[in-house]
Amino acid sequence: MTASDIDRTLARAREAAADWSSLAFGERERGLRRWAAELAGSRADVVAVIRKETGKPAADAELELLVGLEHLAWTARHARRVLRPRRVSPGLLAAEHRALVARRPLGVVGVIGPWNYPALTPLGILAGVLAAGNAAVFKPSEYTTETGRALVDAFHRANPASADTLRLLAGGARAGEALCRAGVDKVAFTGSTLTGRAVMAACADSLTPVVLECGGNDALIVAADADVRAAARAAAWGAFSNAGQTCAGVERIYVDRAVGAEFVGALTAELARVRAGDHYGRLTTAEQENVVRVHVEDAAAHGGRFLVGGPESFRASGLVDPVVLADVPEDRPAVREETFGPVVVVRLVRDLDEGVARANAVPQALGAAVYSRSADASVAGRLRAGMVSVNGVLTFGGIPGLPFGGNGASGFGRVHGREGLLEFTSAQAVTVRRAHLTGSGLTRLRSAWWKPLALRALIRLRHGRG
Ligand code: NAD
């Protein structure tokens, strides 16, 4: 698309935003439910295009669509309650006013998507954008344009009168950057940390706000009192499903020494017959395959030991069998950076404290998981991650009421759930004078002689005692 195409697309979306935002919540909810039904009705086609573009097996593509639809349905249903105006106390100085916080849509949101979950990621974000009353211009990854088109086409079939509310922008980095500079009211970016920086820089010129959902490097901590077999099963799923191309996938495992041998045995057994092409798909892009290969070769060259797989795990055309590495120094890319492939590093640690310290010691802070029979939600308070599962991995991603997002190099802002609706609104403070009360003399320009005395007394009375 050329720059003038982008301008035209944005102009149409902006016009549509005015109509869409004036609809009642119930009408938007119905529109989004029709969209979900349309996607469910064309499930076979959507799944086929996801598979063609990403190389996922059928079950992964079906699961992706289902989770995306769950987010869409939850958000459509809850938008009214989450975004209704909230009364606040007017306080002493404005007692004769009613005070409330209204949530207003922003206008048009630019949504830039990744290729790894080309249906789930945009659905989870667009749900919040649209349910909050915004229009969207959606630029899918250039690797998954047709999946993006399938989502947008389904919206158009379900909502012909509001078709311009969701427009597709096809293209790669240049189109993404142009969208950031086009004058949208917010950019919701999902992708790598490197690109996230470029997006933020492009948006800085016009002070366009951004939400950045960037890469992760998630740790799983296995404590001495963990159900070790359950932890190994979860590790296999968290690290290898979707060929490890999951932003909040497990990339590092810190296991208490006391159960180290048992865990490694259970993980190895779990992966014994797992093969790329049967249990998960190929790596979607050649660039990604190269990153994975470089991380594995570097780890092996610096003392890393293969517990599962090895150089022979790299087969033809993006198929990579599971690789589990131990003894990789903590400063190597396989530990410090996002590998985003079917590779996981395991390290034995003294105790949970060391596991937590190591989990927190990388720049990314997206998700984290802890396996322990005695741990409760309080362990999450010790982790920098934006999302934590106790005795589960990635569980937070499938719960539509929970916010999704990270800290540090994993970005900022949240999508999904209540926070994912608030993210695409602005808070407007509103006061309305209550007719039945008389005005206070404290806020008049030409005020009475007693005003300084009254103010002095109030300061002393209300704040003097600490
Ligand atoms: P990427 O950064 O290469 O591309 C993401 C999107 O940005 C694409 O649509 C691309 O065309 C666009 N883009 C590229 N350069 C741009 C620029 N200069 N300005 C604007 N847009 C630009 O990421 P990817 O390889 O498509 O996706 C994989 C990455 O996404 C991984 O790092 C993964 O962890 C991350 N991810 C994060 C989440 C999350 O919610 N945190 C979810 C899924 C994926």
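**Around the ligand**

Start with Gly113: one of its polar backbone atoms is 2.7 Å from an oxygen atom of the ligand. A polar contact here means a pair of N or O atoms within 3.5 Å.

A word on the model. It is predicted, so local features need pLDDT of at least 70, side-chain atom pairs count only at pLDDT 80 or more, and totals for chains, interfaces and linings use all residues. Numbering runs from 1 along each chain as its sequence is written, and side-chain values use heavy atoms, without hydrogens and water.

Two side chains next. Thr195 puts a polar side-chain atom 2.7 Å from a ligand oxygen. For Lys139, a side-chain N or O atom is 2.9 Å from an oxygen atom of the ligand.

How much of the ligand does the protein cover? On its own, the ligand has 850 Å² of accessible area, and the protein covers 89% of that. The area is computed by the Shrake-Rupley method with a 1.4 Å probe.

Now the shell. There are 29 residues around the ligand, each with a heavy atom within 4 Å of it. Among those that come nearest are Glu142, Ser192 and Glu338.

How values were computed
A polar contact is a pair of N or O atoms within 3.5 Å; within protein, one must be able to donate a hydrogen and the other to accept it, and residues adjacent in sequence count only if both atoms are side-chain atoms.
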